[in-house]
Amino acid sequence: MAMARTRCTDRVIGAILASWRYDISGISPEMRRDYEHHLAECAHCQTRQNFHRSLDAALAVLTSLAALFFLFALAVLKHIKPLEHVAFNVLGLDISDMYHMLLSAGVAGLCFSVIALALVLMATPAPSYLGGIAAERARLLEERLPAAIKSLRPR
Ligand SMILES: [Zn+2]
C-alpha cells in the first residue's frame, strides 16, 4: 500500500488538509498557496488528495447512473401499463397493486438518487474535478487530431 508507506512531511498542515478531505478549492487564493505548496512536495497528501477526488468522482458517476436506472425503470413501467389491463381482462390477474408498488419504488428511487447526486455535487469538488478531466480529454483529443482537420478549424 503506497498510502501506508509514505508519511506526511508536515503533520499540522496534513491534519488540516485531511479535515477538508484534501479539498482546498473553497478557500481564498492567498490561503490556498501554502496548502498547494505542501501538496506539491508531500507525496502522502498528494496520494490522499487523488484518492478523495476519485472517490468524489466515483460517487457522482454512481449516483447519476442510479438516477438513470430509475428513470429507465419508470419508462419501462410506463410501457407495461397497457399490459395491466390485458392481464386483468384476459388472464384474470390483478397486477394493479404490483404495478403501483413498482411505480412508487421507481419514483422513490429516482428522487433518492437525484438528491444523493445533488448532495455529492454540492458537498464535494466533483463538478470541477470532472470538468477538469473533461477539459484535459478534449485537449488530448485536439492534440491528436490530424493536421488536415486542424487546418479546417477557424483560429
Ligand atoms: Zn502532507
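Reader: Is H52 buried or exposed?

Author: Buried means under 20% relative accessible area, exposed means over 50%, and partly exposed lies in between (1.4 Å probe, protein chains only). H52 has 15% relative accessibility, so H52 counts as buried. A caution: this is a predicted model, where local features need pLDDT of at least 70, side-chain atom pairs count only at pLDDT 80 or more, and totals for chains, interfaces and linings use all residues. Residues are numbered from 1 along each chain as its sequence is written, and side-chain values use heavy atoms, with hydrogens and water left out.

Reader: Where is H52 found?

Author: Helices are DSSP runs of H or I with at least four residues, strands are runs of E with at least two, and both are numbered from the N terminus. H52 sits in helix α4, residues 43–91.

Reader: Which residues does H52 touch?

Author: Contact means heavy atoms within 4.5 Å. Leaving out residues up to four places away in sequence, H52 touches R21 and Y22.

Reader: With which side chain does H52 make a polar contact?

Author: A polar contact is a pair of N or O atoms within 3.5 Å; within protein, one must be able to donate a hydrogen and the other to accept it, and residues adjacent in sequence count only if both atoms are side-chain atoms. The H52 side chain makes one with the side chain of R21, at 3.5 Å.

Reader: How many aromatic pairs are in the whole structure?

Author: Rings of Phe, Tyr and Trp (its six-membered ring) pair if their centres lie within 6.5 Å; planes under 30 degrees apart are stacked, over 60 edge-to-face, the rest tilted. The search finds two pairs. W20 and Y35 are edge-to-face, 5.1 Å centre to centre with 65° between the planes. This pair links distant parts of the chain, 15 residues apart: W20 is in the loop between α2 (11–19) and α3 (29–41), and Y35 is in helix α3. W20 is partly exposed at 29%, while Y35 is buried at 11%. F69 and F70 also pair edge-to-face, at 5.2 Å and 75°. F69 is exposed at 52%; F70 is partly exposed at 22%.

Reader: How many helices and strands does the protein have?

Author: Seven helices and zero strands.

Reader: Why is the protein called more spread out than a compact globule?

Author: The radius of gyration is taken over C-alpha atoms, and the globule rule is 2.2 Å times the number of residues to the power 0.38. The protein's radius is 24 Å, well over the 15 Å that the rule gives for 155 residues, so the protein is more spread out than a compact globule.
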